[in-house]
Amino acid sequence: MQYSLYKNHIICGTGPLPGEPAAELPDAGEILYLFHRPPLTGRDTFAVSDLGLLTAQEGTETICTGGEAGEVPPALALAVSAGRVRAVNASHPRWEELLGWPPQKGKARVHLLALGDVGSTLAMGLKLLGGDVISTLGICDMRENVPERWEFELNQIAVPSPQVQIVGMEELFHCDVFLFCASRFVPDTAVKSGDVRMAQYELNRELAASYARMAREQHFGGLFCVVSDPVDPLCRTILLESNKNEAGELDCQGLFPHQVRGFGLGVMNARAAYYAQRDPRFADFLADGRTFGPHGEGLVVANSISRYDDAVSRELTEKTKRANLEMRALGYKPYAAPALSSGALSLLACLRGDWHCSSVYLDGIFLGVRNRVAPNGMEVERLPLPEALLTRIRETMEQLRAIP
C-alpha cells in the first residue's frame, strides 16, 4: 500500500499515486482509496465500511460480508473501522471532481416534476414531514393550473416549512434534489394482471432520457431521484443518457452514478411487513427480514437473514409483488403507499443519512438495497447472506442487466 498527499487530500492505493509521497497515514481526517475500473460500470465513489470493499470488484459481494480483504496495513484498517475511508475510481476522466465529498450544508432545495396521483401525494408527505431537512419544495407540472392548485393547497397546511414554490422548466435543476415523478403512460384500473410497471417502460424511458440530457446541459450536481415506473431501468437510462454526447457516444461528462437514485423498494419492504403482521408464518420478516431488487418483477424478499427459509421467502415475495394487483382488483390505482413509503419517507431518510431502501448503482445496474448516505460516502448494507438468497439476487441482477 502506498500513500501520498494530493491537493490537500490523503490518498492511498496499491499502484502509482499522484502527488507527493507520504510515509504514513494520519490518525484523523478523510482518506481516499484509489481504485481502477472502467467508468460507469459500477460506483465511482463510495464509503469503505469494511476491509472487503478495498477492491474494484463489485456485485453480490458488495452486499454480502465474508469476502477476502487481503493484507491491509493496520493504520488503514483502523481508519476503515472509524468510517474515515472513501473509495474513488481514478479511471473516471473526472475523478478529481470526486475528491471532495462535502455533506449537505443546511436544508436541501427539492424540486418535484409532475403532480399526478403519485407526485401530489409525495408532495404532501414532504410538506408534512420534511421541515427538518428541506428548505423549499419547488413544484412543476405542464398542465394548466395544476401547480397553482398545489401551491395554494400545500401552503395552507399549517406547518412552518418547507414552503412550496412554483418553478418553471428552466429552473428545474436549480436545486439539490430533483424528483422525477413524470409519466407518459399509467395503466388504468382495468389492467389487473401482468407486470404493470414494465408496461410503462418504453414511453417513460424516452421521457426520462430527455430530462437526463437537460441535467447534463445544466451541469446538475445534486441528486436525480426517480419515482416513476419502472424505477430501476429508468435510473440506468438516466445515468447513461446523461453521459452521452450529441453523437450518442459515452463520454462520462454527465451525472456520476452516486447522483442517481431510485425510490421504489420502500413500498415493497412496507408491503412485505404488512403481510408479515397478518400471517405468523412470515413474522420473522419483522425482526430481520430484507428486500432486494426492483419495484416489480425480480423482487427478492428474504423472510429472515438469520433464519432464512427459501420457500417461505418466495411465497412472501409473490404476495408482495402482487399487492398492487389486489388494489387494482378493488378498482383503485395503488399510488398512496408507493408515494409515501417509497417516495416521501425513503427520500427523507436518505437526506437525514438514515438507513432506508432505495436503488443504487452496482455492477452496471441499479439494484434496490438497504443503504444510507454516510459522512464518508454512500454506504450499502453488508450482511452474511445465505447462498440460496444470493442465488436469487444474482438472478435478479441478470434480469435487470438484460433490460435494454
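Reply: Happy to! Let's start with what helix H6 touches: its buried residues pack against helix H5 (201-217), strand E11 (223-226), strand E12 (260-262), strand E15 (356-362), strand E16 (365-374) and helix H12 (387-402). Here helices (H or I, at least four residues) and strands (E, at least two) are DSSP runs numbered from the N terminus, and contact means heavy atoms within 4.5 Å. Buried means under 20% relative accessible area, with a 1.4 Å probe and protein chains only; exposed is over 50%, and partly exposed lies in between.

A word on the model: it is predicted, so local features need pLDDT of at least 70 and side-chain atom pairs count only at pLDDT 80 or more, while totals for chains, interfaces and linings use all residues. Residues are numbered from 1 along each chain as its sequence is written, and side-chain values use heavy atoms, with hydrogens and water left out.

Now H6 itself. Eleven of its twelve residues are buried, so H6 is largely enclosed by the rest of the structure. Among the buried ones are Val231, Pro233, Cys235, Arg236 and Glu241. The helix covers residues 231-242, and its end C-alpha atoms are 16 Å apart, which agrees with the 16 Å that twelve residues should span at 1.5 Å a residue. That expected span is 1.5 Å times one less than the number of residues.

Next, the neighbour H5. This helix has 17 residues and reaches 24 Å from its first C-alpha to its last, close to the 24 Å expected. Its buried residues include Tyr201, Leu207, Tyr211 and Met214, and the buried residues of H5 pack against E7, E10, E11 and H6. After H5 comes His219, with a positive phi near 50°.

Strand E7 (residues 108-113) runs parallel to E10, joined by four bridges, and His111 has Phe178 in E10 as its bridge partner. E10 also pairs with E11 in the parallel sense, again over four bridges, with Val177 opposite Leu223 in E11. Two strands count as paired if DSSP finds at least two bridges between them.

Finally, look at the two faces of strand E10 (residues 177-180). Val177 and Leu179 lie on one side and Phe178 and Phe180 on the other, and all of them are buried, so both faces are covered. In a regular strand the side chains alternate between the two faces of the sheet.
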